[in-house]
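Here are my notes for a colleague opening this entry for the first time. Please read them with the structure on screen.

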Amino acid sequence: MAKHITAEQWEHFWENGYVRIGQVASDNELAALQQRMDDIMLGKAPLDYDKIMMQLDREPGKNSPGPQSRGHKGATLLYRKIQNLEFDAYFLAYLQKPVFRDICAKIYGDDTPIACFRAMFMNKPAHEGTYLVWHQDRWTDLNRDPQITIYTALDPATVANGCVHIIPKSHSSLINPSHGSGFLSQEHIDDIVANSTPKPMELAAGEVVLLHNWLLHSSGTNQTDIPRRAFSVCYMHGETQSRHGSAFNRVFGEGALSLADL
Ligand SMILES: O=C(O)CCC(=O)C(=O)O
């Protein structure tokens with residue numbers, strides 16, 4: 001199990017914008033997270049669903065994802081995105097593992113409080129899934145750019161079931177800095193695809209990858225019987241605020257959420 005990031009791994013991260021660090025959860029913890037994710041979708045988890053942002057992969061009667069809004073949208077495994085999982089005991093315990101705290105300390109400095117912008121489930125349900133266009137993970141709504149996302153595969157991720165594709169080294173610059181989110185214009189996408197070789201990030205269940213937030217990435221749809229579930233957390237400086245002055249939930253350091261708060 002990965003408990004420490006080596007100097008070589010950090011070098012790989014800074015040079016390429018990503019690094020694989022292996023499995024962080026024990027096999028039992030991984031099985032519990034997988035089960036918990038299904039329980040959350042099926043409405044069986046004892047948590048406050050009014051705090052959880054839930055988006056269906058297909059809005060009933062339409063061929064496009066449903067709205068992203070708080071609350072349960074029905075007992076189904078056909079969710080696309082579920083956010084605010086720091087309010088779930090299993091996912092909070094996982095995202096607060098010491099190895100993740102050490103990674104944040106390396107990126108933001110020792111003793112810096114850390115908040116999470118998104119503790120997010122991303123799913124490509126079996127034979128479903130929505131194409132995600134090339135983008136960098138940045139938001140001009142925030143007064144600081146988050147630098148690191150930690151991505152955990154909950155199922156094996158393959159090209160066939162819609163794994164994330166990345167463009168190594170693309171984290172060195174912001175492509176479209178004036179854009180409100182990291183999504184790119186079609187012109188930028190055509191240019192990127194013509195001039196680079198995207199790399200499929202195939203992962204084993206439980207495998208963890210550190211992603212620099214500016215690394216270009218996209219993902220496909222699921223052509224298989226195997227769901228492609230993943231848990232992705234964007235960790236940022238704890239003092240980051242939105243344009244409207246709101247702060248975000250702290251997960252490490254002063255004011256950090258604890259299991260007792262849930
Ligand atoms: O899991 C995916 O398909 C995409 C995830 C993503 O864009 C992210 O974690 O920032």
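1. Start with His135. Its side chain has an N or O atom 3.4 Å from an oxygen atom of the ligand. Keep in mind that this is a predicted model, so every distance here is computed from predicted coordinates.

2. An N or O atom of the His217 side chain lies 3.0 Å from a ligand oxygen. For Ser219, the corresponding side-chain distance to an oxygen atom of the ligand is 2.7 Å.

3. How much of the ligand does the protein cover? On its own, the ligand has 290 Å² of accessible area, and the protein covers 98% of that. As for location, the ligand sits in the largest pocket.

4. Now look at the whole shell. The ligand is surrounded by 13 residues. Asp137, Tyr151, Ser219, Arg228 and Ser232 are the closest.

5. By class, five of its residues are nonpolar, four are polar and four are charged.

6. Which strands supply at least two residues of the shell each? They are β5 (114–124), β6 (132–135), β11 (217–219) and β12 (228–237). The largest share comes from β5, with four residues. His135 falls in the range of β6, while His217 and Ser219 fall in that of β11.

7. Finally, step back to the chain. Its secondary structure comes to five helices and 13 strands. The C-alpha trace spans about 45 × 40 × 40 Å along its principal axes. The radius of gyration is 17 Å, which agrees with a compact globule, because 262 residues in that form would have a value near 18 Å.

Key
Residues are numbered from 1 along each chain as its sequence is written. This is a predicted model: local features need pLDDT of at least 70, side-chain atom pairs count only at pLDDT 80 or more; totals for chains, interfaces and linings use all residues. Side-chain values use heavy atoms; hydrogens and water are left out. A residue is near a molecule or strand if one of its heavy atoms lies within 4 Å of it. A polar contact is a pair of N or O atoms within 3.5 Å; within protein, one must be able to donate a hydrogen and the other to accept it, and residues adjacent in sequence count only if both atoms are side-chain atoms. Accessible areas come from the Shrake-Rupley method with a 1.4 Å probe; for residues, only the protein chains shown count as cover. On a 1 Å grid over the protein atoms alone, a cavity is a set of points where a 1.4 Å probe fits but cannot get out, and a pocket is an open set with protein on both sides within 12 Å along at least five of seven lines; lining residues have an atom within 4 Å of a point. A molecule sits in a cavity or pocket if more than half of its atoms lie within 2 Å of its grid points. Ala, Val, Leu, Ile, Met, Phe, Trp, Tyr, Cys and Pro count as nonpolar, Asp, Glu, Lys and Arg as charged, and the others, Gly among them, as polar. The radius of gyration is taken over C-alpha atoms; the globule rule is 2.2 Å times the number of residues to the power 0.38.
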